[in-house]
Amino acid sequence: MTTVEAPPRSRTARPPKPRPGPTRYVAAAVIAAITYWAASETTGIGLVPQLSEVFVDGLSERTGQIVSDIFNPAFEDAPATGGPFLETLSMAVLGTLMGCFLALLVAFGSSLVTAGGLKRYRFTKGLMSLLRSVPDVLWALLFVAAIGTGALSGVLALVLFNIGVVAKLLSETIDAVDTKALEAADAAGAGLVQRARVAVFPQVLPNYLSFSLYAFELNVRASAILGIVGAGGIGVLLNLARNQFRYDRVSLIVVEIFVFVFLTELVSIALRRRLVR
Amino acid sequence: MTVTTTPATRSTGERRPTKPRFVLGPVLLGVVVVAAAWAWGTAEIDLARLLRAPERLVRTFGLMFLPPDLAEFPRSFPAMMESVQMAWLGTVLAAVLSLPLSLLAAVNVSGRFGSGATRQVLNAIRAFPELVLVILIVTIFGLGPVTGTLALGLHSIGTLGKLSSESVEAIDKGPLEAVDAVGGTWLQKMRWGVLPQAMPEIMAFWLYRFEVNIRASAVLGVVGAGGIGALLVDYLNYKEFARAGMAFIVVVGVTLVVDTISSAVRRRIIAGAPGRTDEPDEVEDVGTDALA
Amino acid sequence: MITFSDASVTYPGGVKALQHVDLEIGDGQMIVIVGLSGAGKSTLVRAINGLVPLTGGEVTVDGRSVTKSSAKEMRAIRSDVGMIFQGFNLVNRTSVINNVLMGRLYETPTWRTLLGRYPAEDVNFAMECLERVEIVEKAWVRASNLSGGQQQRVGIARALAQRPTIILADEPVASLDPPTSHVVMRDLKRINRELGITVIVNLHFLDLARQYGDRLIGLRDGELVFDGTGDEADEEVFESIYGRSLTADDVLGEPAPGEVA
């Protein structure tokens, strides 16, 4: 067995500890500053005084009554909520179907892979950003103001909201698509729509279905409350109960919404899992 | 020269395969059609109204944006800032509280039972839309931005907790083993094994949630939680469309700006910028090492 | 001193990784464990610091029973037993010195470890450990920026930082190229000689095993089938440990740099 020769211990000097860069501290300072600005009484919302008011001084008697109402949902009124819930569900379904269909078009326009031209890409991408920056309830507000209360406004609001969400997700998937099939389509002389349909769509289809289900989940959640601004569905009842201070009814509807959303999620997650497989 | 062609049928008796039946497609289409028909009927969409809608929309949008009431800006902007503040504080609150919850909800940290239970709690929290939370919280904390903050924060704990726990579950367990092997405690395992690996992605989720919360907070004012929502509802109710248009532009503008900044910061975090390590990114090779 | 008394490990699912192993390892020895994949080498090594609990029998370290320890006692035992891993198991996003300081986790107050503020003497000692494996110039470099061999040396420094009586090495060179493998094995041997630390290494390279081990232990299907010196272990012995004739994969093949084969 050969003997193991140890090399001489090297005399490298210990390197000095480097000065920490400013990034960490700058970031921490910025965060602290923004938080202070947001929470203080003068520039912000006055978080601390209001919280301490409740926790230290306690609730007034009237509030106590309301809170206890909340913990006693008016289950006896449940049958009356059935109709509005169906309306909510139908709003979600229509919103998803139309929204996801349109989102397909927008998505194809927002990806360099399928847009067919920088101008179209930029325009569509800008449009998508704009759509995404408006919350669903805001759309509902707009539509109610423009065309009146009712489920139609709700559906249209959901459609626009959907396009924003699904188109973004889908366009990212399209960006990541395998380009080999596209090359083949181009080589065969396919037009813009044809190459999208033949080379891209099959690749993104599972994701598209998954995103659509996700959008449906979001829509169910959203449509339950769009009614608060008059756009139809169970939200209308919720708003009514709230204005009447019938918090036992508010609580009932909240529980129902919770169950509704929960069930939808379970189904959606199960379906999505099977899609990705 | 004659060209011989081989006959189409082979002597082995192979038949051409039949086209596989793609069942999913037609079924899916069927489901979609049925659902659409049912929904259309139930929602009682008035066709006449639907046809009139585009014209009315254009008219309203015209009143709102051509031109918007610029003098409205000094009132809309601070209101939007209040919405931003609500979103910020709500997100900070949720980030701090969701971190320990995410550890509890992660299978590789808390085992199957503990993580399962925590997961369900987080799902339950997530199921309440923010507006609903506001309606409930307003009974205790009254109208105003504090209620909105709490509603946003509470709801976000659910979402952030779930996403963060998925980040935690995706880490490499090698460093965790190393902490065990040197005799470290659970806390030390979290600090040196879990967090260094999971934090970049978790912080990106926090920023993304902030972006989402900005949108949500703009709307919460509709039920009295402060911010620009209340202004918008008033203007639309009283048909002051030009002012509403300005407010709308403010909302979209601020949202886009926040989005842009937030995305840039997120990209930097994921790329492993300095500040993610305890010592900063360091000096590369200072001379050659002992072994060639 | 490490003792195995009738030690057995059966994994859920029925795999018998260790079967009734009786073994005594005195202080200051350099042991190499050989055997096929799945023969139980990794299980044996990880049973010593309790990363794999026994399902039968007992293992003791310096008189303390690993099998019967509470969680707290286990941590105490582990703080005296260093370990290096095939995959290095470094915290990639932080500096080399912070990785080495992880060896001091048990001895340092928790609040200090959470903040990363170790006492100056610990930082000093960590530097010494890095000097011992000749990589101190990389102290402040991010761990993921090092090569495989350098990372493993950091792993060794981390183990040394524990001031251990025993160092375990689970396939420490399987991910490294031949020259680097020799360097790592040589470092382990040096630590064993100069510091008197018991070193137990898992290897599947038989030439490395013979070259660096004082005592070779052969496992086959979870059973101890050989226990002797490198000289006693010739090809026949290895073939009986492996249960098949040897292949080129079983040896590293290259001599250490500067040596003749």
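**Reading the labels**

Modeller: Gladly! Let's begin with chain C: among its contacts with a separation of 6 or more, 68% are between residues 24 or more positions apart. Keep in mind that this is a predicted model.

Biologist: How do you know that the radius of gyration of chain C agrees with a compact globule?

Modeller: The globule rule is 2.2 Å times the number of residues to the power 0.38. With 261 residues that gives a value near 18 Å, and chain C has 18 Å, so the two agree. Its C-alpha atoms fill a box of roughly 50 × 50 × 35 Å along the principal axes. Chain C has 9 helices and 10 strands, and 59% of its 261 residues count as buried.

Biologist: And what is chain B built from?

Modeller: Chain B has 10 helices and 0 strands. Of its 292 residues, 50% count as buried. Chain B exposes about 14600 Å², with 67% of that supplied by carbon and sulfur atoms. For chain C the accessible surface is about 9800 Å², and 48% of it belongs to carbon and sulfur.

Biologist: What makes helix α9 of chain B largely enclosed?

Modeller: A residue is buried when its relative accessible area is under 20%. In α9(B), residues 228-237, that holds for 7 of the 10 residues, so the helix is largely enclosed by the rest of the structure. The buried ones are Ile228(B), Gly229(B), Leu231(B), Leu232(B), Val233(B), Tyr235(B) and Leu236(B). Their cover includes α7 of chain A, along with α3, α8 and α10 of chain B. Just after this helix, Lys239(B) has a positive phi of about 55°.

Biologist: Why are the buried residues of α3(A) said to line one face of the helix?

Modeller: In α3(A), residues 61-70, the buried residues are Thr63(A), Ile66(A), Val67(A) and Ile70(A). Seen down the axis, they fall within an arc of 100°, so they line one face of the helix.

Biologist: Now the aromatic rings. How many pairs are there over all chains?

Modeller: Rings pair if their centres lie within 6.5 Å, and by this rule there are 11 aromatic pairs over all chains.

Biologist: What makes Phe258(A) and Phe128(B) a stacked pair?

Modeller: Stacked asks for planes under 30 degrees apart. These two have planes at 20° and centres 5.0 Å apart, so they are stacked. Phe258(A) is in α12 of chain A, and Phe128(B) is in the loop between α4 and α5 of chain B, so this pair joins two chains. Phe128(B), at 22% relative accessibility, counts as partly exposed.

Biologist: How do you know that the charged end of Arg163(C) sits over the ring of Phe125(C)?

Modeller: The rule asks for CZ of Arg within 6 Å of the ring centre and within 35 degrees of the ring normal. The charged end of Arg163(C) is 3.8 Å from the centre of the Phe125(C) ring and counts as sitting over it. Arg191(B) likewise lies over the face of Trp192(B), at 4.2 Å from the ring centre.

Notes
Residues are numbered from 1 along each chain as its sequence is written. Chains are lettered from A and ligands numbered from 1 in the order in which they are written. This is a predicted model: local features need pLDDT of at least 70, side-chain atom pairs count only at pLDDT 80 or more; totals for chains, interfaces and linings use all residues. Side-chain values use heavy atoms; hydrogens and water are left out. Rings of Phe, Tyr and Trp (its six-membered ring) pair if their centres lie within 6.5 Å; planes under 30 degrees apart count as stacked, over 60 as edge-to-face and the rest as tilted. Helices (H or I, at least four residues) and strands (E, at least two) are DSSP runs, numbered from the N terminus. Buried means under 20% relative accessible area, exposed over 50%, partly exposed in between (1.4 Å probe, protein chains only). The arc is that of the directions from the helix axis to the C-beta atoms. Contact means heavy atoms within 4.5 Å. Accessible areas come from the Shrake-Rupley method with a 1.4 Å probe; for residues, only the protein chains shown count as cover.
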